[in-house]
Amino acid sequence: MIPQIPKAPNSHRQDSAPNTATFLASHLHSGVLAGVSYACFQSLVDDPPSALLSTLPLLAFTQITYVLFCLEPSGSGSKGKRLRASKKGENTTVGISSRVLPAFLSLLLASTIGTVILYICMVLFGAPVTSHFPHTALCALHVALLVPFPLIYTNGVDGERWRDIVSVSMPMDGAFGGAIGALLGAWLGAVPIPLGSSPGVFCVVEGNYF
């Protein structure tokens with residue numbers, strides 16, 4: 001009797017599909033952000049507060065979709081291993097449901113505390129305190145959804161991780177790399193024009209998106 005050679009596990013094939021989907025979704029996310037920025041270009045020049053307010057729901061939906069499908073929530077290392085062992089149908093359902101609450105809490109923290117901190121930073125960098133409040137507040141909210149939201153989702157409120165983020169010593173990943181790119185673009189946009197003016201807000205937002 002000829003002994004049968006056991007087949008190697010096909011975990012690589014099973015993981016390749018989610019990795020491909022994540023890769024495509026990540027690039028689709030970048031394309032959507034660029035498209036939103038291009039579509040609202042003229043209205044952002046003419047009336048920044050109205051343009052920022054009208055694009056806020058689409059930005060929030062885009063970012064929520066991005067973190068749910070492309071990023072891993074904080075503390076999900078052991079959960080990810082258990083989910084791979086479950087059935088294919090259950091994997092998607094349980095995986096998404098376990099990400100909804102962290103995404104909601106991260107969005108809440110980013111849109112409240114994150115917006116306040118960014119607003120204060122913008123004032124310290126030259127934005128006016130007594131005028132152009134809608135410009136600065138809405139700009140801070142857009143930056144909060146683009147930068148702190150994914151970082152809070154992937155890193156939680158761990159003080160050690162946030163020290164690494166602030167000191168730019170954290171290993172590069174999707175959320176951290178996107179945050180650096182967004183902040184660098186916002187800074188380059190704010191350099192030539194005063195931050196408190198309408199063109200200044202326009203340059204910060206456009207630089208942040210690109």
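**Exercise 1.** In which helix is the place of His 142, and is His 142 buried or exposed?

*Solution.* The model is a predicted one, in which local features need pLDDT of at least 70 and side-chain atom pairs count only at pLDDT 80 or more, whereas totals for chains, interfaces and linings use all residues. Residues are numbered from 1 along each chain as its sequence is written, and side-chain values use heavy atoms, with hydrogens and water left out. His 142 belongs to helix 6 (residues 133–146), helices being DSSP runs of H or I with at least four residues, numbered from the N terminus. His 142 counts as buried because its relative accessibility is 1%, where buried means under 20% relative accessible area, exposed over 50%, and partly exposed in between (1.4 Å probe, protein chains only).

**Exercise 2.** Which backbone oxygen lies 2.8 Å from a polar atom of the His 142 side chain?

*Solution.* The backbone oxygen is that of Leu 52.

**Exercise 3.** Which residues touch the most other members of the largest nonpolar core, and which helix gives the most to this core?

*Solution.* A nonpolar core is a set of buried Ala, Val, Leu, Ile, Met, Phe, Trp, Tyr and Cys residues joined through side-chain atoms within 4.5 Å. The largest has 35 residues, of which Val 67, Leu 71, Met 122, Leu 145, Val 147 and Leu 151 touch the most other members. At least two residues each come from helix 3 (48–70), helix 5, helix 6, helix 7 (148–155) and helix 9 (174–190), and helix 6 gives the most, with eight residues.

Definitions and conventions. A polar contact is a pair of N or O atoms within 3.5 Å; within protein, one must be able to donate a hydrogen and the other to accept it, and residues adjacent in sequence count only if both atoms are side-chain atoms.
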